[in-house]
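Here is a short briefing on one protein chain. Please keep the sequence and the structure open while reading.

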Amino acid sequence: MTHTRRHWLSRTAQMATLLALAGTFSGHAIAQSKEVVIGYQDMVVPWRYAQETKLVEERTGYKVTYRKIGSGAEVVRALASGAIDIGEAGSSPFAAALSQGVPIEVFWILDNINNAEALVARNGSNVNTVADLKGKKIALPFASTTHFHTLVALEGAGISPNEVQLLNLRPPEILAAWGRGDIDATFVWDPALAQAKQSGKVLITSGEIARQTGKATFDALAVSKKFSKDHDAFLTEFVKTLAQVDQEYVNHTSQWTSDSPQVQAVAKWSGAEPTNVPASLALYEFVPPVQQASKQWLGGGQESVVSQSLAATAAFLKEQGTIQSVLPDYSVGVNATWVTRAANGQK
């Protein structure tokens, strides 16, 4: 286990302890205040339009503060410390966080990643297949969905993680290293992925890995249990807002052109080029509340696909030495309450 990963694990455990202590002594009035801090990443998803138009504020009456965060691991640390109330990250960092006892609940599937994350080799690296990565430098954010799928892809090619150099870099840092020729490959998402593809070759996508191995990945939103306990009505309206924006995209995809206000908003909040946004959005699958509330995703307790996916991800990460322990049941970190209300049209 690398020093960086050990540091992340110990830091996460410390933050979980601090959060538990803070919850013991915090005043109830603070928890009830109509404010929320939401941590987001640079992912290209429809709900960026809701951020731009202040739709969440309009629907809930809450003061919403958005904080852009560089990686899933950092989102988890921010949730653990109480720096944010809600955060978006991939299934892998959430699986690791729950394994370390961070008190969070996954409550909304932001997207089924499908082909929106890919392992790309830089032109000139002499890498044409996953098997060619042996001895090469691969950059990715540690504890992310792409970290998980990199390990799965390497295992499928018969390569041990210690036979490559895995570098823990955030997407902007990946692009800088890519431009300098310091790395041979990266497993990343848009907007960094779109830029890497311009001077690289896609070796395999997350969708292909999922189909070959059954080890799927997704992006999601999680809420700290401390916040969800006192803000049930907010979360109900928040999920309905997320569902509305996703539905508007799915039903009117052709209207989300590079010069549309929707795509301009996605580009602004994600850092993507507007001309790349429509193609990037098309790589994801956005799941409606009815499906999210079913056993296929968040519903069904321990038998839900999300709970089982988190468990399988955690088991693999433990096998690889990324985390030290796994939970007997990951449904403790999954809550379908608010998507079920949205699916049923309840208030």
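Which residue in β2 is the bridge partner of V37? The bridge partner is T65. This is a predicted model, and the chain averages a pLDDT of 91. The briefing takes the sheets in turn, then the cavity, the backbone details and the confidence.

**Sheet with β1**
- Five strands form an open sheet in the order β2-β1-β3-β10-β4. The pairing is mixed.
- The edges belong to β2 (63-68) and β4 (104-112). Each of these strands pairs on one side only.
- From one strand to the next, the twist averages 25 degrees.
- β1, residues 35-40, pairs with β2 in the parallel sense. Six bridges hold the pairing record for these two strands.

**Sheet with β5**
- A further open sheet of five strands runs in the order β7-β6-β8-β5-β9. Its pairing is mixed.
- β7 (165-168) and β9 (200-205) stand at the edges. Each has a single partner strand, so one side of each is left without a neighbour in the sheet.
- The twist in this sheet averages 25 degrees from one strand to the next.
- β6 (residues 137-140) and β7 pair in the parallel sense, over four bridges. A139 stands opposite L167 in β7.
- Helix α8 (residues 171-180) packs on the sheet. Its contacts are with β5 (117-122), β6, β8 (185-189) and β9. The direction of α8 makes about 145 degrees with that of β8.
- Helix α10 (residues 206-213) lies across β5, β8 and β9. Helix α10 runs at about 30 degrees to β9.

**Cavity**
- How many cavities of 30 Å³ or more are there? The count comes to one.
- The largest cavity has a volume of about 50 Å³.
- Its lining consists of Q41, M43, G72, A89, G90, P93, E117, S144, T145, W189 and D219.
- By class, the lining has four nonpolar, five polar and two charged residues.

**Backbone details**
- Which residues does the cis peptide bond join? The bond lies between D190 and P191, with omega about 10 degrees.
- P191 sits in the loop between β8 and α9 (192-197).
- K54 is not a glycine, yet has a positive phi of about 55 degrees.
- K54 is placed in the loop between α3 (48-53) and α4 (55-60).

**Confidence**
- Of the residues, 90% score a pLDDT of at least 70.
- Over residues 1-31, the pLDDT is below 50. This stretch still has 41 contacts in the model beyond near neighbours in sequence.

Conventions: Residues numbered from 1 in each chain as written. Predicted model: local features only at pLDDT ≥ 70, side-chain atom pairs only at ≥ 80, totals over all residues. Heavy atoms only, no water. Pairing = 2+ DSSP bridges. Axes fitted to C-alpha atoms, helices over the stretch in contact; angles between N-to-C directions. Contact = heavy atoms within 4.5 Å. pLDDT = per-residue confidence, 0-100. 1 Å grid on protein atoms, 1.4 Å probe; cavity = no way out; pocket = protein on both sides within 12 Å on 5 of 7 lines; lining within 4 Å. Points joined across faces, edges and corners; volume = space filled by probe spheres on them. Nonpolar A, V, L, I, M, F, W, Y, C, P; charged D, E, K, R; others polar.
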